Amino acid sequence: MKIKIYEGFNLEDIINKIEQELGHNYKILYQDKIKVKTKIPFVKKTKHVLIVESTNSSEVKFEDILEEEIKKEEDSALEKNQTSSRNYPLIEPEESPKKIEINLDQKVDYEFEEVTKEFSGKAIDLIKMLTEKEVSLNVAKEIVKKGCGLELTSNKLDLKHFTIRESLIEGLKNTLNFKGDIFENINKRKVIAFLGPTGVGKTTNLFKIASNLVLNKKMKVAVLSIDTFKAGAGEQARSYSNILGIPFYLLSDPKKIRETVDDLNFVDVILIDTIGRSHYDHWKLGEIKETLRFLDEIEYMMVVSCNMNTKESVNILEKYQKFFMINYLFFTKIDETIYPGIILNLAYKTGIPLTYISTGQNVPEDLKVLTAERLASYLLRETEWWKNNFNT
């Protein structure tokens, strides 16, 4: 079952978009209208939400193309490595590496006068490429350094692998925390709450995870929403749950939430959808914390959009961390930007483990575990390739 979610304020435009992408090979599973506030007091706009199932079995998935590309590159790199050698020793990682602070206001100097004093050859090219993807210069240097060795002829650092991709993957693995699939081989029930500001895609991506767990992993899942404020939000989530055939609860009382979680002792995973709140609204963030206060076993998934800028995303995360112990980072909307540097900047700055990434609206196909290999592939693609393959 391939499902896609379409939203907008003009129903005719939505239908036209569906037909442009799917032709006539689709079926509408669910349709709803949600009243959305405007800047004008007491005036609301009607937002249409359609859940559509594609009936076209001949579609070529982007991820299939990407996985094939990754495998080809890995096979090619392995073959070349077997026939090549380096004549310089590798640098061992420091016992206690010191993280440098990110200067978020720093303007990158593309002449790299300081960089060339420490790095040479392809290492400089990789640093430049990362900064062009809006990775902070300091972060780019630290990541590249972990994939370098000392070149004896120049007494500078250069990439120690035959390909840039291999060196980048090693640098990412040695610098960032990749958690992997947090639902793989679990031995006790997990309770995960999704946090984040409005518009980052918490509800949609919560149900991508729910769909993956139910359809692909055959796990028992329940969804609990505490979003009793936004009109229609509960019904939309209930409809998703009905399609998957899983329990759904809309609650706001802390004691009732505790009782419901206790009653759901037969499920493997409980996913909790929270209301989107501005990170400047401390009162509302405190309300969410208060609502979930009896759930000692809860873990928090912070949802961040890749089309945010780094400075604002760090600010958001710092505000949320005053109320919640953030366990994981989930990045959405990577298909809406060609500058994914925020992923590296935020993961390096906070040290919070990376888990999943959303590459589009398809449920659950566009949910992927974020690995060093996958992140390297996203970073190394040219702009035109990126646009063509993320044209959803």
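I started at Lys160, which is buried at a relative accessible area of 15%. The model is predicted, so I kept the cut-off in view: buried means under 20% relative accessible area.

**Entry 1: the partner of Lys160**

Which residue forms a salt bridge with Lys160? I found Glu170, with the closest N and O atoms 2.7 Å apart. The pair links distant parts of the chain. Glu170 belongs to helix α6, residues 164–175. Lys160 sits in the loop between β5 (156–159) and α6. The two are 10 residues apart.

**Entry 2: other salt bridges**

I looked up the total next. By the distance rule, the count comes to 12 salt bridges. I went through some of them.

Asp181 pairs with Lys217, and their closest N and O atoms are 2.9 Å apart.

Lys190 forms a salt bridge with Glu299, the closest N and O atoms being 2.9 Å apart. I checked where the ends lie. Lys190 is in strand β6, and Glu299 is in strand β10, residues 299–305. They are 109 residues apart, and the pair links distant parts of the chain. Lys190 counts as buried because its relative accessibility is 14%. Glu299 is buried as well, with a relative accessible area of 18%.

**Entry 3: a lysine without a salt bridge**

I turned to Lys202, in helix α7, residues 202–216. Lys202 is buried yet has no salt bridge. How far away is the nearest side chain of opposite charge? That side chain is Asp273, at 5.8 Å. I then looked for a polar atom close to the lysine side chain. The backbone oxygen of Gly196 lies 3.1 Å from a polar atom of the side chain of Lys202.

**Entry 4: cysteines**

How many disulfides does the model have? The count comes to zero. I looked up two cysteines anyway. Cys148 is buried, with a relative accessible area of 1%. Cys306 also counts as buried, at 1% relative accessibility.

**Entry 5: Thr337**

Thr337 sits in the loop between β11 (326–332) and α12 (341–350). The side chain of Thr337 reaches the backbone nitrogen of Tyr339 at 3.0 Å. I also checked Asn307. Thr337 and Asn307 are 30 residues apart in sequence, and their C-alpha atoms are 5.6 Å apart in space.

**Entry 6: two covered helices**

Why do I call helix α5 largely enclosed by the rest of the structure? Eight of its nine residues (137–145) are buried. They are Leu137, Asn138, Val139, Ala140, Lys141, Glu142, Ile143 and Val144. I listed what covers them. The cover includes α3 (115–118), α4 (122–132), β4 (148–151), β5, α6 and α12.

Helix α13, residues 372–380, is mostly covered, with seven of its nine residues buried. Among those buried are Arg374, Leu375, Tyr378 and Leu379.

**Entry 7: the whole chain and its confidence**

I counted elements: the protein has 14 helices and 14 strands. Buried residues make up 51% of its 392 residues. Of the contacts with a separation of 6 or more, 76% are between residues 24 or more positions apart.

The mean for the protein is 80, and 77% of residues reach 70 or more. Where does pLDDT stay under 50? One stretch is residues 83–100, for which the model has 28 contacts beyond four places in sequence. Another is residues 382–392, with 19 such contacts.

Conventions: Residues are numbered from 1 along each chain as its sequence is written. Side-chain values use heavy atoms; hydrogens and water are left out. pLDDT is the predictor's confidence in each residue, from 0 to 100. Contact means heavy atoms within 4.5 Å. Helices (H or I, at least four residues) and strands (E, at least two) are DSSP runs, numbered from the N terminus. Buried means under 20% relative accessible area, exposed over 50%, partly exposed in between (1.4 Å probe, protein chains only). Lys and Arg count as positive and Asp and Glu as negative; His and the chain ends are not counted. A salt bridge is a side-chain nitrogen of Lys or Arg within 4 Å of a carboxyl oxygen of Asp or Glu. A polar contact is a pair of N or O atoms within 3.5 Å; within protein, one must be able to donate a hydrogen and the other to accept it, and residues adjacent in sequence count only if both atoms are side-chain atoms. A disulfide is a pair of cysteine sulfur atoms within 2.5 Å.
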